[in-house]
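These are my notebook entries on one protein model. I set down what I looked up, entry by entry.

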Amino acid sequence: MKLIIAALVCLLLAGMWLQDADAKSMHVSSSNCCFITVKRKISLKRIQCYKNISSTCSYKNRLILKLTGGLEACVLQKESWVQAYLKKINLCQ
């Protein structure tokens, strides 16, 4: 029983850590779905373009930002900083 509780606590702590992770550690799966979003504002200089998530994803209203260095980050489309950036960046080709 103690082992199960310890495992659940570890999973809970890992989930909390992932919510606070910055864009450097974000990984977007090849299915183009976003499960974990970046909470902090990303510098506009780091963003190359954006793409929409797949229509088959269970989470909606999210975008994938392609960053310099080959990184990608998921963001909530409703965030005010994301809305402002969408006017300045292009859709990925």
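**Entry 1: the hairpin turn**

I began with the hairpin of strand 2 and strand 3, where four residues lie between the strands and Gly 69 adopts a positive phi near 80°. I take helices (H or I, at least four residues) and strands (E, at least two) as DSSP runs, numbered from the N terminus.

**Entry 2: basis of the values**

The model is predicted, so I note its limits: local features need pLDDT of at least 70, side-chain atom pairs count only at pLDDT 80 or more, and totals for chains, interfaces and linings use all residues. Residues are numbered from 1 along each chain as its sequence is written, and side-chain values use heavy atoms, with hydrogens and water left out.

**Entry 3: overall composition**

I found two helices and three strands in the protein, arranged along the sequence as α-β-β-β-α. Of its 93 residues, 33% count as buried; buried means under 20% relative accessible area, exposed over 50%, and partly exposed in between (1.4 Å probe, protein chains only). Among contacts (heavy atoms within 4.5 Å) with a separation of 6 or more, 45% join residues 24 or more positions apart.

I recorded an open sheet of three strands in the order 1-2-3, with antiparallel pairing. Strand 1 and strand 3 are at the edges with a single partner strand each, so one side of each has no neighbour in the sheet. The twist averages 30° from one strand to the next, with axes taken as lines fitted to C-alpha atoms (for helices over the stretch in contact) and angles running from 0 to 180 degrees between N-to-C directions.

Pairing requires that DSSP find at least two bridges between two strands. Strand 1 (residues 47-52) pairs with strand 2 over five bridges, and Ile 47 stands opposite Leu 67 in strand 2. Strand 2 also pairs with strand 3 (residues 72-76) over five bridges. There, Arg 62 faces Leu 76 and Leu 63 faces Val 75.

I then asked how many residues of strand 2 are buried. Five of the six residues in strand 2 (residues 62-67) are buried, so this strand is largely enclosed by the rest of the structure.

**Entry 4: salt bridges**

I counted two salt bridges in the structure, using the criterion of a side-chain nitrogen of Lys or Arg within 4 Å of a carboxyl oxygen of Asp or Glu. One joins Lys 51 to Glu 72 at 3.4 Å, N to O. Lys 51 belongs to strand 1 and Glu 72 to strand 3, so this pair ties together parts 21 residues apart in sequence. The other joins Lys 66 to Glu 72 at 3.7 Å, N to O. Glu 72 is buried at 17% relative accessible area, whereas Lys 66 is partly exposed at 28%.

**Entry 5: the loop between strand 1 and strand 2**

I looked up Asn 61 in this loop. Asn 61 has a positive phi of about 60° although it is not a glycine. Most residues other than glycine have a negative phi. Asn 61 is exposed, with a relative accessible area of 55%.

Tyr 59 lies in the loop as well and is partly exposed at 39% relative accessibility.
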